[in-house]
Each structure stands twice: as structure tokens, then as C-alpha cells.
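The sequence and the structure are shown first.

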Amino acid sequence: GALDVPEGVPSGPIIFETDFDGPFTSAAEAVEVIANGRGHRSIEACSNPSLLSKRAKRLIDANYLVYPSIGRVAGRLGVSHAHMTRQFKRDFEMTPSEYLHRLRVADATFRLSTGQPIIDISYEVGYNDLSRFYKQFRNNTNTSPAHCREMLDR
């Protein structure tokens with residue numbers, strides 16, 4: 001079925017600053033934090049990204065479930081891992097690995113709202129190790145997948 005997205009939720013990925021550091025207690029609170037954030041900008045709008053960074057991002061976006069190695073992405077683009085990482089960080093203010101993890105966690109957050117078991121979600125978004133999934137989820141959201149699911153179910 002169609003997903004009911006609350007009013008005020010951005011249509012694409014954004015970066016912004018906030019002083020909020022606690023766990024969300026509701027979707028409405030998350031929307032309020034986004035609305036009150038500072039310096040909103042689309043991740044796409046980061047300066048004028050190089051062709052290399054655009055191509056790397058496109059490959060990660062299209063293949064993050066089945067093509068997780070940043071080294072393989074660099075290889076497909078004919079550059080070294082180090083060179084691609086430096087350029088990507090210069091353009092998007094995060095490494096390709098950080099971007100990959102954020103993408104996976106964003107997808108996992110959506111999947112948590114569908115009621116799927118957490119272990120299945122972990123594997124479906126590209127993690128072969130449940131503890132690594134939990135660590136990356138907590139690093140990116142400051143909460144656990146189970147707590148996130150509870151908040152989404154309210």
C-alpha cells in the first residue's frame with residue numbers, strides 16, 4: 001500500500017543542523033525537529049560536485065543492496081579507493097562509506113515501519129553482520145532499531 005508521509009517531511013535526503021539530541025517520541029516530533037533545523041540543504045545541492053563524485057553516488061544509490069564495496073565502486077570508475085574517497089568527501093562532506101551507511105539506515109528505518117523482523121531488514125539492506133547493523137543504525141540515528149520501530153508504531 002501507499003505510505004502516508006506526514007506533512008513537512010522532505011521529499012528527498014537533506015542535511016541540516018539541530019541541537020536536538022534525544023530519541024524521538026513520535027513522528028510529529030521528528031517533523032518538528034526537521035522544521036526547526038538550521039541550514040537545510042539537499043545532499044544533491046552540495047556545492048558543484050565533481051563528475052567522479054556524481055558517478056560514485058549514482059553507483060552507490062543504484063547498487064547499495066547488492067554492490068556494497070566502496071573499493072568495487074572505485075574500481076568500476078577506474079580510480080583508486082583513496083582518490084574517490086577524498087573527492088567524494090570534498091564534494092559531499094562525508095566519505096562514500098558514510099554515505100553508504102546512511103543510505104542503508106534510511107532504508108532500514110522505512111522497512112522497520114513495515115513490521116519485518118529486524119534480522120531480515122539487516123540482511124535486506126546489505127549488512128551480513130547483525131551487530132554491525134545495530135552499530136551503524138545507532139551511529140546514524142542515536143537509537144536502536146527496536147526503539148525506532150516502537151516510535152514508528154505510535
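Residues 24 or more positions apart account for 55% of the contacts in the protein with a separation of 6 or more, a contact being heavy atoms within 4.5 Å. This is a predicted model, in which local features need pLDDT of at least 70 and side-chain atom pairs count only at pLDDT 80 or more, while totals for chains, interfaces and linings use all residues. Residues are numbered from 1 along each chain as its sequence is written, and side-chain values use heavy atoms, with hydrogens and water left out.

**Overall fold**

The protein contains 8 helices and 2 strands, taken as DSSP runs numbered from the N terminus (helices H or I, at least four residues; strands E, at least two). Along the sequence the pattern is β-α-β-α-α-α-α-α-α-α. Of the 154 residues, 36% are buried (under 20% relative accessible area; exposed is over 50%, and partly exposed lies in between, with a 1.4 Å probe and protein chains only). The accessible surface comes to about 9,100 Å², and carbon and sulfur atoms hold 52% of that surface.

**Helix packing**

Two packed helices are described by the angle between their axes and the distance between the axes. Two such pairs are set out below; axes are lines fitted to C-alpha atoms, for helices over the stretch in contact, and angles run from 0 to 180 degrees between N-to-C directions.

| Helix pair | Axis distance | Crossing angle |
|---|---|---|
| H2 and H4 | within 9 Å | roughly 95 degrees |
| H5 (residues 96-112) and H7 (residues 130-141) | within 10 Å | roughly 95 degrees |

The angle makes H2 roughly perpendicular to H4, a term for 65 to 115 degrees. In this pair, Leu 52, Ser 53, Ala 56 and Lys 57 of H2 meet His 83, Met 84, Gln 87, Phe 88, Asp 91 and Phe 92 of H4. The residues of this contact divide into 5 nonpolar, 3 polar and 2 charged; Ala, Val, Leu, Ile, Met, Phe, Trp, Tyr, Cys and Pro count as nonpolar, Asp, Glu, Lys and Arg as charged, and the others, Gly among them, as polar.

For the other pair, the axes of H5 and H7 cross at roughly 95 degrees, and H5 is therefore roughly perpendicular to H7. On the H5 side the contact is made by His 101, Arg 102, Val 105, Ala 108, Thr 109 and Leu 112, and on the H7 side by Arg 132, Phe 133, Gln 136, Phe 137, Asn 140 and Thr 141. By class, the contact of H5 with H7 has 5 nonpolar, 5 polar and 2 charged residues.

His 101 of helix H5 is buried, with a relative accessible area of 10%. Beyond four places in sequence, His 101 touches Tyr 127, Arg 132, Gln 136 and Asn 140.

In soluble globular proteins, nonpolar side chains tend to be buried together. Apart from neighbours within four places in sequence, Leu 77 is in contact with Leu 52, Arg 55, Ala 56, Leu 59 and Met 84.

Glu 93 is exposed, with a relative accessible area of 55%.

Methods: Parallel < 35°, antiparallel > 145°, perpendicular 65-115°, else oblique. Areas by Shrake-Rupley, 256 points an atom, 1.4 Å probe, with all protein chains shown as cover.
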